[in-house]
Amino acid sequence: MKEKLEQIKLEAVSMLEAENADLEQIRIRFLGKKGELTSVLRGMGALSAEERPVIGALANEVRQYIEERLADAAVAQKAKENEKKLAKEKLDVTLPGSKIKIGKRHPLSQVQEEIENIFIGMGFEIVDGPEVEYDYYNFTALNTPENHPARDTQDTFYITENILLRSQTSCVQARTMEHKAPPIRVISPGRVYRSDAVDATHSPMFHQIEGLVIDKGITMGDLKGTLEIFAKNMFGADTKIRFRPHHFPFTEPSAEVDVSCFVCGGEGCRLCKGEGWIEILGAGMVHPNVLRMGGIDPEVYSGFAFGLGIERVVMRRYNIDDMRLLYENDVRFLEQF
Ligand code: DAH
């Protein structure tokens, strides 16, 4: 029996020393209720009175020994597992980082924001309007009734008979008058659409910024002063502006506004095609019919409006000769601004 116990001890130890030993299984096999040690103890009845305490003590010793070795093995296994886990999670802080490529804002967005900031500085508020618009706001409310020839010059895309993609941001004038009482001082940037084929200077979608000011006693002088401040901030302190008579249905009088060429300063160069001037926007005094349709009494109030194409400003400012470059999203092009 003594040998049997020694054998159990040796066997248990050798199993415990094996790599990835299943500790629970070893415990059950040697120490469990039906385990090997228990079955030895059961056979103790057959022993003599002198042998019994000796074997009993030895059995206890073996049990204690195996228990201790099991506990050690459990600690060792846990430590090994931790080590493996740590090795897997090792972080080499000396490795070079992966670079994040930071993009840039599109030149159209940059210029739009610049323009917005200039007008915000003069106390203007930014308002928004829908791109899918009623023909009422795009034309009728802007003194351009059905069959008016001016509708032809701004042919656009129709969703239904009376819903279209707006051809100008001027619709926001009419919308603003409907829900805002004077004094009004707003600008409204956004996309507009025209049924034009794509070429170097045309696109079926482009961007405008509309401006509208309505108050008591607003005159053409206010319009000129406002646009002059805008032009000097936008194109440089020496910039001059020039008004040329024009016609827009929603303003009277109307003008096209030029700025002195910011490359040659007015001498004439390639950019201004020898003119010395560059056309940048349309403007005028808000037509009494437009005020009336917007619910504002033209006997009490007057106002001015202007509309500017953002693409045109971007192209002139950066000397870009093909509008399509602005929409192709070629990073090599866009990175330059
Ligand atoms: N909406 C005009 C266009 O797209 C531009 C314009 C001209 C806007 C005169 C105005 C204005 O507000 O007063 O051609």
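I shall speak about the domains, the sheet, one glutamine and the ligand.

This is a predicted model, in which local features need pLDDT of at least 70 and side-chain atom pairs count only at pLDDT 80 or more, while totals for chains, interfaces and linings use all residues. Residues are numbered from 1 along each chain as its sequence is written, and side-chain values use heavy atoms, with hydrogens and water left out.

Let me start with the domains. The assignment gives domain 1 (2–88) and domain 2 (107–334); such bounds come from an automatic or database domain assignment. Between the C-alpha centres of domain 1 and domain 2 there are 92 Å.

Next, the sheet. Seven strands make up an open sheet with mixed pairing, in the order β1-β4-β5-β9-β8-β7-β6. Strands here are DSSP runs of E with at least two residues, helices are runs of H or I with at least four, and both are numbered from the N terminus. Two strands pair if DSSP finds at least two bridges between them. At the edges are β1 (125–126) and β6 (241–248), each pairing on one side only. Strand β6 runs antiparallel to β7 (residues 251–260), and seven bridges join them. Phe 248 stands opposite Thr 251 in β7.

I now turn to Gln 168. This residue sits in the loop between β3 (163–165) and α7 (171–179). Is Gln 168 buried or exposed? Gln 168 counts as buried because its relative accessibility is 4%, where buried means under 20% relative accessible area, exposed over 50% and partly exposed in between, with a 1.4 Å probe and protein chains only. The side chain of Gln 168 reaches the backbone oxygen of Asn 138 at 3.0 Å. With the side chain of Gln 154, the side chain of Gln 168 makes a polar contact at 3.3 Å. A polar contact is a pair of N or O atoms within 3.5 Å; within protein, one must be able to donate a hydrogen and the other to accept it, and residues adjacent in sequence count only if both atoms are side-chain atoms.

Finally, the ligand. A polar side-chain atom of Ser 170 lies 2.9 Å from a ligand nitrogen atom. For Gln 173, a side-chain N or O atom is 3.0 Å from an oxygen atom of the ligand. Polar side-chain atoms of Gln 154 include one at 3.5 Å from a ligand oxygen atom.
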